[in-house]
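Please read the report below alongside the sequence and the three-dimensional view. It takes up the chains one after the other and then turns to what joins them.

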Amino acid sequence: MERLNSWIARLVFVFLYLPIAALIVYSFNSSEVSYRFDGFTFRWYAELFRDQMLLESLRTSALVGVIAAVLATVIGFLSAFALVRLRVKGRAFFVGAILIPLIVPEIVLGVSLLTVFSSAGLPTGIVTLVLGHVVITLPLATLVLMGAMSSLDPSLSEAATDLGASPWVTFRRVLFPLLRPSILAAFLLSFTTSFSNIVISTFTAGVGTTTLPLRIYSTLRTGLTPELNALGTLLVVATLGVILLVGVAQMRRILAGPRP
Amino acid sequence: MNETTEPPAVKLTGLTKSFGANRVVQPLDLEIRQGEFFSILGPSGCGKTTLMRMITGFETPTGGSVELDGKNVDAVSTKSRDLNMLFQSYALFPHLSVYENVAFELRVRRTAKREIDTRVREALELVRLGAFAERKPAELSGGQRQRVALARAVVGRPAVVLLDEPLGALDQKLRKEMQFELKRMQREVGITFIYVTHDQEEALTMSDRIAVMSEGRVLQVASPTEIYDEPASRFVATFIGSCNILDGVVDAEGRGVVVPGVGAVPALVPATAVPGSGVALAIRPERVSMRALGAAAPADGVRATLVERAFLGDEWTFHVRLETGAVMTVSVPSGEIAAELGAIADGADVLLSWSAAAARVLPAEAAVTAASPASATSALKGAAA
């Protein structure tokens, strides 16, 4: 029984990581077709950096992702603060209202966003992309921050006030340092959600602001090029880099904890 | 400064608080003197925490006013009131060291760096935690955290420190030690302490004066000995220590009390008592003496039956049932217990007696008879406390 379990666990890991491993291996494949491995090459990486369209999409996605994530984190922080700390009238209603985009099908959101933008005369572009992405990332950021905030002892901010701190000083010296890991988590979650989104982007992207997922999706028609494997590999490396950076910082804090 | 012209540290006038239709604090007046260790004592839900939060400014009163050191502070926000609070949860900032926790107020108020260092070290010495300055709160024991919180509350030399059940989270032994420690520190810094608690023992041990609260009202403000020996009401008598309550009637001459079903009992009746009016007699269990009812029963005593006994270490507690069915508690220090008392079997008849001075006459309040279950349970509750 135990052996069976451990084998299942191994298979799950293989299933999870095999595609990523294949992606990395084939990004160095000198063959044009993906079913044959002909030899090692950096050619696809070179081509990737010459593909202006793809790089432009990467830039668009990164820009939209950062702006949407910053907005979602800031608005999410304020909403979470109000909903957890202040005695807001109709609190349950507001919590529900903020979380509804999580359960509404994205295609519906996309259609309604496009309707609103076109009737408001707002041309599709970076602005509409950001607005659309905030709609889907805000609930995530709010949820993460609400959880973090409600686990914080409310007398901490009362104590700061009692000791003469203004609301801003209380935020800067007490709440922000304590909530920093959760704020970072909310930001990263919002960024990846925005970065990988296809459905909302389909409706809100304009000419010249095609996001990376949209560009990749459109290349499906002509067939995937090994160049995309190279791009995927670079994104995996970047993600691992962020995880390591955040993880190392966390680990250091944990290790530095008990000082003599 | 002249003693008589010194304004009270805290003066509350007609202070009241309602949450919706629920009036948590009834309009009350209270004066707390400079440098006093003042306790607000009451069961949970009596409004004592709300009262304290109105003094700090965390809650806005529905009516009335708060004066600190002779100045009205109704329009002054918490952060500018010259008082600090010690929270029940301590509320130490977990990301800051002990040193930075204590220094927080001075840093916020932009005190000079050198002065911050001197005063933080002083405060840490006061609570005997000088060696722990660099630790994080998570690395301290409950008692040590409590001391850090106290150091943080006094480092800015506020006029008043409010303590919200600060010993609640500590174990029994530590709590007893901390009671004396708190008293010592309060005397050392000379700051007015307002100590909120539901624990009557804590209040009696530390306070200069105690305000007993129940259902949003202050029932009595007096020194610990006065509160214990001369409770003003039935609630105070039963809430502080344990107390037997017998309902009776002032006799026709206005000099004695008759308990229905028992007869005339010793009591010190005040001159103002109206003959024939209903009263409650409060008698402390340790002031009742008990002996076996011999064959020749003397008339001067109240007959009862011994129901059960319990050994509490420092004393023996006996529960006895009067002929009316009411249960009384008698306690005897275990060192003094006579062989005769030990020989009385459960179920045996006994004779109770007390001096007139031991039986305090209180207003009857709710009209209940001596045999009612209410008085029996209150006597039992008192014994359990």
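The sections that follow describe the helices, sheets, cores and chain contacts of this model.

## Basis of the description

This is a predicted model, in which local features need pLDDT of at least 70 and side-chain atom pairs count only at pLDDT 80 or more, while totals for chains, interfaces and linings use all residues. Residues are numbered from 1 along each chain as its sequence is written, and chains are lettered from A and ligands numbered from 1 in the order in which they are written.

## Chain A

Chain A has eleven helices and zero strands, where helices (H or I, at least four residues) and strands (E, at least two) are DSSP runs numbered from the N terminus. The C-alpha trace of chain A spans about 70 × 60 × 40 Å along its principal axes. Of its 260 residues, 31% count as buried; a residue is buried if 20 or more other C-beta atoms lie within 10 Å of its own, exposed if 12 or fewer, and partly exposed in between, with C-beta atoms placed from the backbone. Among the contacts in chain A with a separation of 6 or more, 76% come from residues 24 or more positions apart, a contact being two residues whose C-beta atoms, placed from the backbone, lie within 7 Å.

The domain assignment divides chain A into domain 1 (1–41 + 226–260) and domain 2 (52–214), with bounds that come from an automatic or database domain assignment. Between the C-alpha centres of domain 1 and domain 2 of chain A the distance is 28 Å. A:Pro181 is placed in helix H8 of chain A, and it counts as partly exposed because it has 14 C-beta neighbours inside 10 Å. The C-alpha atom of A:Pro181 lies 17 Å from that of A:Leu138, and the two residues are 43 apart along the chain.

## The six-stranded sheet of chain B

In chain B, six strands form an open sheet in the order S6-S7-S8-S3-S9-S10, with mixed pairing; two strands pair if DSSP finds at least two bridges between them. Strand S6 (83–86) and strand S10 (217–222) of chain B are at the edges with a single partner strand each, so one side of each is left without a neighbour in the sheet. From one strand to the next the twist averages 20°, with axes taken as lines fitted to C-alpha atoms, for helices over the stretch in contact, and angles running from 0 to 180 degrees between N-to-C directions.

Strand S9 (residues 209–214) of chain B is joined to S10(B) by five bridges, and the two run antiparallel; B:Ser214 stands opposite B:Arg217 in S10(B). Helix H4 (residues 142–154) of chain B lies across S6 and strand S7 (160–164) of chain B, and it runs at about 170° to S6(B).

## Other strand pairings in chain B

A second open sheet in chain B has five strands in the order S15-S19-S16-S17-S18, with antiparallel pairing. Its edges are strand S15 (289–292) and strand S18 (327–333) of chain B, each with a single partner strand, so one side of each is left without a neighbour in the sheet. Here the twist averages 45° from one strand to the next. Strand S16 (residues 302–311) and strand S17 (residues 315–322) of chain B run antiparallel and are joined by seven bridges, and B:Ala304 stands opposite B:Leu322 in S17(B).

Strand S1 (residues 10–19) and strand S2 (residues 22–32) of chain B also pair in the antiparallel sense, over seven bridges, with B:Arg23 in S2(B) as the bridge partner of B:Ser18. The hairpin of S1(B) and S2(B) has two residues between the strands, and in it B:Gly20 takes a positive phi near 65°.

## Nonpolar cores

In soluble globular proteins, nonpolar side chains tend to be buried together. The largest nonpolar core has 139 residues, and those with the most contacts inside it include B:Val102, B:Ala151, B:Val161 and B:Leu281; such a core is a set of buried Ala, Val, Leu, Ile, Met, Phe, Trp, Tyr and Cys residues joined through C-beta atoms within 7 Å. Helix H6 (residues 126–150) of chain A gives the most to this core, with twelve residues.Leaving aside neighbours within four places in sequence, B:Leu281 is in contact with residues including B:Ile245, B:Val257 and B:Val361.

## Where the chains meet

In the model, 17 residues of chain A are in contact with 18 residues of chain B. On the side of chain A that touches chain B, helix H7 (155–162) and helix H8 (167–195) of chain A each supply at least two residues, and the largest share, six residues, comes from H7(A).
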